[in-house]
Each structure stands twice: as C-alpha cells, then as structure tokens.
Amino acid sequence: MNPQVTVEEVPVGVVLPLRSAVLRDGGPADLPGDDDPATVHLAARTADGRVAGVVRLSPAPCPWRDAGAPWQLRAMATDDAVRGTGTGRALVTAGLALVGARGGDLVWCNARVTAAGFYERMGFTVVTDPFDVPPIGRHVGMVTGLR
Ligand SMILES: CC(C)(COP(=O)(O)OP(=O)(O)OC[C@H]1O[C@@H](n2cnc3c(N)ncnc32)[C@H](O)[C@@H]1OP(=O)(O)O)[C@@H](O)C(=O)NCCC(=O)NCCS
C-alpha cells in the first residue's frame, strides 16, 4: 500500500476527470452502469486531496469463468505524475478487499496489453488470447479469484 495516498469510495463525478484525461484523451469518459447502485468508484487521493488514481468495480458476469459472484474491474487509471509509486496497487488492493467484503468471489477485467503486467503483479492471470477493443487497441481477458 502506498502510504502517500488514501483510497476512498467516491461519487462517479470525482473519478471522471482523471478517467477522461488518462483513458479517453480528454474525451467523454462515462460508462454504462456508472450510476448503478451496486457500482463502486474508488479514488486514491494524495495528502493534499488531489485525485491521483481511479478505478471502478461492479457486479458483472465473467465471460470466461464460472463464478458465483463475479465482479468486473474497469476504468483503472493513475496520474502519470505518480506512476510506479504504488497508487495503482493501493487501488486494486482496496478494490479486491471491498469486493470480497461484498460477497464477490472473482474479479475480471479486459486489460490493455500494455497494462497486463501490472494486473499480473496484482495477482490476475491472463485467460484469453489478445483481442481488439476499437479504438483503444489490444486487450487480454484477466481474472483473479478471491477465495
Ligand atoms: C496501469 C496503471 C494503472 C498502473 O498504475 P501505477 O500507479 O503505475 O501502478 P503501481 O505503481 O501501483 O505498480 C504496482 C506494480 O506494478 C508494476 N507495473 C505498473 N505498471 C506496469 C505495467 N504497465 N506493466 C508491468 N508492470 C507494471 C509496478 O512496477 C509495480 O511493481 P512492484 O510489484 O515491483 O512494485 C497506470 O500505468 C496507468 O494508469 N496506465 C495508463 C492507463 C491504463 O493502461 N489503465 C489500465 C487500463 S486496462
């Protein structure tokens, strides 16, 4: 866990600016299901309150594995000013703990191939061949079990 950030559950409006800047080149960044009551948005804040990283978790069927209570991780992004300092790890660690506490037993994601190594560090496993998600690029399916 990065001691320089605090991870907290936040309204979607808090995560959208960084999500847009990092993942959508400044464009619209809202996603279907953002406002669903079960959807969780997490923000990692620096000591001065700045949002340095964001992620979304929501219950969703896993395309590749049977699970009783699967959740999807989406829209993971950290500010490039803090990359490599543990902010992404703090978000995923908090997210997996939160999903487990809410009864989830598996978390899956469509990972950009450029980020697959990060998710592997977080305990995820690649379970698909690479596939295209236009216009973003190559992705792989990844999963991690929670129990
Ligand atoms: C991928 C991303 C979220 C990682 O965030 P981060 O804050 O740099 O991650 P951390 O500093 O917590 O890194 C945790 C570990 O993963 C490693 N890591 C980070 N990014 C990595 C990458 N792209 N590939 C391989 N390893 C990576 C770190 O070196 C660190 O390793 P350690 O276990 O030795 O400490 C961030 O680079 C990002 O926002 N990238 C652009 C958007 C993106 O691709 N999002 C994912 C969409 S699927």
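This is a predicted model: local features need pLDDT of at least 70, side-chain atom pairs count only at pLDDT 80 or more; totals for chains, interfaces and linings use all residues.
Which residue forms a salt bridge with Asp34? Select Arg56: its closest N and O atoms to Asp34 are 2.8 Å apart, a salt bridge being a side-chain nitrogen of Lys or Arg within 4 Å of a carboxyl oxygen of Asp or Glu. Asp34 sits in the loop between helix H1 (12-23) and S2, and Arg56 in strand S3, 22 residues apart. Both are buried (under 20% relative accessible area; exposed is over 50%, partly exposed in between; 1.4 Å probe, protein chains only).

Residues are numbered from 1 along each chain as its sequence is written, and side-chain values use heavy atoms, with hydrogens and water left out.

Next, select strand S2, residues 40-46 (helices, H or I of at least four residues, and strands, E of at least two, are DSSP runs numbered from the N terminus). Six of its seven residues are buried, so S2 is largely enclosed by the rest of the structure. Show S1 (residues 5-9), which runs antiparallel to S2 and is joined to it by five bridges; pairing requires at least two DSSP bridges. Val5 has Thr46 as its bridge partner.

Now pick Arg45 and Glu8, a salt bridge with closest N and O atoms 2.5 Å apart. Arg45 lies in S2 and Glu8 in S1, so the pair ties together parts 37 residues apart in sequence.
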